[in-house]
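Biologist: Let us go through this model together. I will ask, and you answer briefly.

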Amino acid sequence: MATLRMPVRPEDHIQGPENAAATFVEYGDYECPHCGTAYPIVKRVQRHFGKQLRFVFRNFPLSEIHPHAESAAETAEFAGAHGKFWEMHDGLFENQVRLGLPLYVELAEELGLSPEELEQALEDSKYRDRVRADFSSGVRSVVNGTPTFFVNGKRHDGPFDYESLVLAIEQAIGRQPNAISA
């Protein structure tokens, strides 16, 4: 079983308490249809576990098959540098079929970010190194597709439907699985 080679660090994008019983890491691609399917499932899993779960998102753009994946990841990182990563992350997934500069500018405006600064950052590839660092950490952790999840440092090789993810997290924290509900 593959393990997470790059531990969660303060510069990661994290939701949930540091002392949560489980850490749930996703390597994702904003243009990947499977990641788009996983997005509301992950939100539901987060609601299910509440403060018992720390969720981490890392960029893994599959640029060879998803032409907007890298620019979307860089757009999320731009927003993150301005304290709006999760809002941009959600906006990108919720508008996945519209990825591209017009959407990025629209979302930046909605979040009170400068569209001009965003366009300049994309033109200068200002956040490319950050995106590629996430990607490299995924490669070291044997991520070979998206989404790839890790639960407490171990890759989840099962399906990523709600029930399977809840069960994997329950097992990782040593709890007996309960009846799964929203």
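Biologist: Which helix gives the most to the lining of the largest cavity?

Modeller: This is a predicted model, where local features need pLDDT of at least 70, side-chain atom pairs count only at pLDDT 80 or more, and totals for chains, interfaces and linings use all residues. Residues are numbered from 1 along each chain as its sequence is written, and side-chain values use heavy atoms, with hydrogens and water left out. A cavity is a set of points on a 1 Å grid over the protein atoms alone where a 1.4 Å probe fits but cannot get out, and lining residues have an atom within 4 Å of a point. Helices are DSSP runs (H or I, at least four residues), as are strands (E, at least two), numbered from the N terminus. Helix 1 (33-49) and helix 3 each supply at least two lining residues; the top contributor, with six residues, is helix 1.

Biologist: What is the volume of the largest cavity?

Modeller: The search of the whole structure finds one cavity of 30 Å³ or more. Volume here is the space filled by probe spheres set on the grid points, which are joined across faces, edges and corners. For the largest cavity that gives about 60 Å³.

Biologist: How many residues of its lining are charged?

Modeller: Asp, Glu, Lys and Arg count as charged; Ala, Val, Leu, Ile, Met, Phe, Trp, Tyr, Cys and Pro as nonpolar; the others, Gly among them, as polar. The lining of the largest cavity includes Glu26, Lys43, Trp86 and Phe93. It divides into seven nonpolar and three polar residues, and the charged ones number two.

Biologist: Which strand supplies at least two residues of the lining of the largest pocket?

Modeller: A pocket is an open set of points with protein on both sides within 12 Å along at least five of seven lines. The largest pocket holds about 170 Å³ of space. Its lining includes Met1, Arg155, His156 and Gln171. Helix 7 (162-172) supplies at least two of its residues, and so does strand 5 (154-156).

Biologist: Which peptide bond is cis?

Modeller: Look at the loop between helix 6 (128-140) and strand 4 (148-151), the place of proline 147. Valine 142 lies in that loop too, with a positive phi near 65°. The cis bond has omega near -5° and runs from threonine 146 to proline 147.

Biologist: Which residues in helix 4 meet helix 3?

Modeller: Contact means heavy atoms within 4.5 Å. From helix 3, Met88, Gly91 and Leu92 take part. Their partners in helix 4 are Leu103, Tyr104, Leu107 and Ala108.
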